[in-house]
Amino acid sequence: FAPIFRGMGARMYKTLALSAALATGLVGLAGLPARALDALKWADAHPDVTILSSDELMMIEAPGATLEDFRWTARALVVFADSENDPRYIQQMEYIAKDGLRLAERDVIVVVDTDPAAESAIRKELRPRGFTLVLIGKDGFKYLRKPLPWDVREISRSIDKMPLRQQELKDSRGR
């Protein structure tokens, strides 16, 4: 989804290509990867949320969503800016577009909020000033808050240090 962030507003991409393919019958549910099925189930359960993009990584707009929507199901990486044209926002979205699979592997949903006037529930709760990046764990704890863009590699390292992520890795190894 790299083209989304180069010269075009993210709001132009309001629907999932995956959903369109399902709606037109081009793709059957059996042929979808598990993460894509999970994304569709989450989207169906949250009809007020606008989906921006999803191949493996799910991205949504903040209006219509609350932090409680993600508790125990996904980690939220919230990207705030006062405008889609903020250079820090553009840089952060390029980082995510370049290496988003790392985030998808860690059950991350990227939440984008570039409209302070919309007064989303997430914006009201986290109260950002200008560009702000906030990483919220599945337990609802705010693990990271940064005023500058962060590389996905560094975000992934922060996630891997979380207690719940450590437990997930242990469980996946069969210990």
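Start by selecting Val152, Ile155, Ser156 and Ile159, the buried residues of helix α5; buried means under 20% relative accessible area, exposed over 50% and partly exposed in between, with a 1.4 Å probe and protein chains only. Helices (H or I, at least four residues) and strands (E, at least two) are DSSP runs, numbered from the N terminus. The four directions span an arc of only 100° around the axis, so these residues sit on the same side of α5. That arc is taken from the directions from the helix axis to the C-beta atoms. An α-helix has 3.6 residues a turn, so residues three or four places apart point the same way.

What you have open is a predicted model, where local features need pLDDT of at least 70 and side-chain atom pairs count only at pLDDT 80 or more, while totals for chains, interfaces and linings use all residues. Residues are numbered from 1 along each chain as its sequence is written, and side-chain values use heavy atoms, leaving out hydrogens and water.

**Around α5**

Now show the partners of those buried residues: they pack against β3 (75-80), α3, β4 (108-113), β5 (132-136) and α6 (163-172). Contact here means heavy atoms within 4.5 Å.

Next, colour α3 (residues 87-104) together with α5 (residues 152-160): their axes come within 8 Å and cross at roughly 50°. Axes are lines fitted to C-alpha atoms, for helices over the stretch in contact, and angles run from 0 to 180 degrees between N-to-C directions. The two helices are therefore oblique to each other, given that angles under 35 degrees count as roughly parallel, over 145 as roughly antiparallel, 65 to 115 as roughly perpendicular and the rest as oblique. To see who touches whom, pick Gln92, Tyr95, Ile96, Asp99, Arg102 and Leu103 on α3, and Val152, Arg153, Ile155, Ser156 and Ile159 on α5.

Then go to the N-terminal end of α5, which is capped by aspartate 151: one of its side-chain oxygens lies 2.9 Å from the backbone nitrogen of arginine 153.

**Over to strand β4**

Which strand holds aspartate 113? Look in β4. Aspartate 113 counts as buried, because its relative accessibility is 2%. Its side chain reaches the backbone nitrogen of aspartate 115 at 3.2 Å. Leaving aside residues up to four places away in sequence, aspartate 113 touches Ala62, Val79, Phe80, Ala81, Ser120 and Arg123.

**A loop stop: alanine 74**

Select alanine 74 in the loop between β2 (58-61) and β3. Is alanine 74 buried or exposed? At 6% relative accessibility, alanine 74 counts as buried. Its contacts, again not counting residues up to four places away in sequence, are Asp107, Ile109, Gly137 and Lys138.

Move to lysine 142 in strand β6 (residues 142-146). Lysine 142 counts as partly exposed, because its relative accessibility is 39%. Lysine 142 touches Leu67, Glu125, Leu126, Val134, Leu135 and Ile136, with residues up to four places away in sequence not counted.

**Zoom out**

Finally, show the whole protein: six helices and six strands, running α-α-β-β-β-α-β-α-β-β-α-α from the N terminus on. Buried residues make up 43% of its 175 residues.

Definitions and conventions:
A polar contact is a pair of N or O atoms within 3.5 Å; within protein, one must be able to donate a hydrogen and the other to accept it, and residues adjacent in sequence count only if both atoms are side-chain atoms.
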